[in-house]
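Biologist: I am new to this one. Can you walk me through the aromatic rings and how they get their labels?

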Amino acid sequence: MIKLIDLLNEGKQVGILYHYTSPDNMEDIKKNGIKFSSPQQEISNMYYISTTRKKQTSWTEYSSYSLEIVLDGDKISERYKVTPIQAMTFLDPSFKKSGVKRDFSEEFWNEELAEERILSKTSGYLSPEYILKINNYNNKL
């Protein structure tokens, strides 16, 4: 039998989230957490952190975003809204051929890019308490 208290204590099941950034940000992230980006008015008026539920192997191999931050999405969702965003810009063939400088492999362009945004009404940082693990794939630090 399901108890009412169990239903009230059950949170949103988000699971593991991945955030990718430059290794240059590692010390600041360890000290302060991950900084929320300014709102993109065409999408939302909320500050956000871009994450994905899928480990992005091509990002870590072929880009400057070789620092992988593994986050506890369940714990984050207790305080913040986590919402999916369509990332069609990168999947659009015209963007790929646009001449925009990028350092991603062909494999990257074929990957599914499902973005999940952690939203906040205010600027600031997502506390380091939500970080489960930090992986530095370029081994320069």
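What follows is a short exchange about ring pairs and charges over rings.

Modeller: Keep in mind that this is a predicted model. The chain has seven helices and eight strands.

Biologist: How many aromatic pairs does the chain have?

Modeller: The count comes to three aromatic pairs.

Biologist: Why is the pair of Phe 36 and Tyr 80 called tilted?

Modeller: The ring centres are 5.6 Å apart and the planes stand at 40°.

Biologist: Why is the pair of Tyr 80 and Tyr 130 called edge-to-face?

Modeller: Their planes are at 75° and their centres 6.2 Å apart. Edge-to-face needs over 60 degrees. Therefore the pair is edge-to-face. Tyr 130 lies in the loop between strands E7 and E8, so the pair ties together parts 50 residues apart in sequence.

Biologist: Are these tyrosines, Tyr 80 and Tyr 130, buried or exposed?

Modeller: Both Tyr 80 and Tyr 130 are buried. Phe 36 is buried too. Ring pairs link Phe 36, Tyr 80 and Tyr 130 into a cluster.

Biologist: How do you know that the charged end of Arg 117 sits over the ring of Tyr 48?

Modeller: The charged end of Arg 117 is 3.7 Å from the centre of the Tyr 48 ring. The distance limit is 6 Å, and an angle limit of 35 degrees from the ring normal also applies. Arg 117 counts as sitting over that ring.

Methods. Residues are numbered from 1 along each chain as its sequence is written. This is a predicted model: local features need pLDDT of at least 70, side-chain atom pairs count only at pLDDT 80 or more; totals for chains, interfaces and linings use all residues. Side-chain values use heavy atoms; hydrogens and water are left out. Helices (H or I, at least four residues) and strands (E, at least two) are DSSP runs, numbered from the N terminus. Rings of Phe, Tyr and Trp (its six-membered ring) pair if their centres lie within 6.5 Å; planes under 30 degrees apart count as stacked, over 60 as edge-to-face and the rest as tilted. Buried means under 20% relative accessible area, exposed over 50%, partly exposed in between (1.4 Å probe, protein chains only).
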